[in-house]
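Visitor: I would like to go through this model and ask what stands behind each term.
Guide: Here it is.

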Amino acid sequence: MGIIIGIIEHRVFKGYILKLKIKNIICGFTLLIPFRNIFLSPSKLIKRLKLKDNHTVLEIGPGPGYFSPKVAKFLTQGKLVLTDIQQEMLDLARKRLDKRGIKNVKYKLCDGMSLEFDSKSFDRIFMVTVLGEVENKDIYLSEIHRILKDDGILSISELAGSR
Ligand SMILES: C[S@@+](CC[C@H](N)C(=O)[O-])C[C@H]1O[C@@H](n2cnc3c(N)ncnc32)[C@H](O)[C@@H]1O
């Protein structure tokens, strides 16, 4: 009996992991569709951020990195940091950036509640379709405020209808 339950539990667990992997692959794929440019293109985002080439920029929740390559390439003397709660997404983004030979990027897994960076360390912070997924928005926004420089800019983009 114990063995049978063990096998079922093992199968359910494996099935759950497989489901998560498939969800991430589909999610990663749909987030990289160029059609997205109609709503917000990486170039439009760069303009919105008033980016300078020496800025230190944090992208929260990059997913598979749709926006990251263009932003990182713009930062010829600066750097881009990607932080996400999913290691799989950071791996996908890294693959995309490595493929393009982009080197000025750092990757950091986060817990979705705190942002383990020094105070006032970023010139720009942006998040695209992420805030709607954040559980405690007030705490997160005060963390963002803490790590953003006084003259920094935070850009939050959400789809219409998101909470
Ligand atoms: C809908 S995807 C958007 C990905 C990307 N910004 C884009 O627009 O293509 C949301 C991403 O935010 C991440 N995420 C959700 N909550 C987060 C949090 N509290 N901190 C950091 N990343 C988070 C998810 O893991 C996922 O990669």
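Visitor: Which residue is the bridge partner of Glu59 in β2?
Guide: Leu82 is the bridge partner of Glu59. This is a predicted model, where local features need pLDDT of at least 70, side-chain atom pairs count only at pLDDT 80 or more, and totals for chains, interfaces and linings use all residues. Residues are numbered from 1 along each chain as its sequence is written.

Visitor: What makes β1 and β2 a pair?
Guide: Strands are DSSP runs of E, at least two residues, numbered from the N terminus. Two of them pair if DSSP finds at least two bridges between them. Strand β1 (residues 56–60) and strand β2 (residues 79–84) have five bridges, in the parallel sense, and therefore count as paired.

Visitor: What is the strand order of the open sheet?
Guide: The order of its five strands is β3-β2-β1-β4-β5, with parallel pairing.

Visitor: Why are β3 and β5 called edge strands?
Guide: β3 (105–109) and β5 (148–157) each pair on one side only.

Visitor: Which residues does Ala93 touch?
Guide: Contact requires C-beta atoms, placed from the backbone, within 7 Å. Leaving out residues up to four places away in sequence, Ala93 touches Pro62, Pro64, Gly65, Ser68 and Leu82.

Visitor: How do the residues of the shell around the ligand divide?
Guide: Ala, Val, Leu, Ile, Met, Phe, Trp, Tyr, Cys and Pro count as nonpolar, Asp, Glu, Lys and Arg as charged, and the others, Gly among them, as polar. By that rule the shell has ten nonpolar, six polar and two charged residues.

Terms used
Helix = DSSP H or I, 4+ residues; strand = E, 2+ residues; numbered from the N terminus. Contact = placed C-beta atoms within 7 Å.
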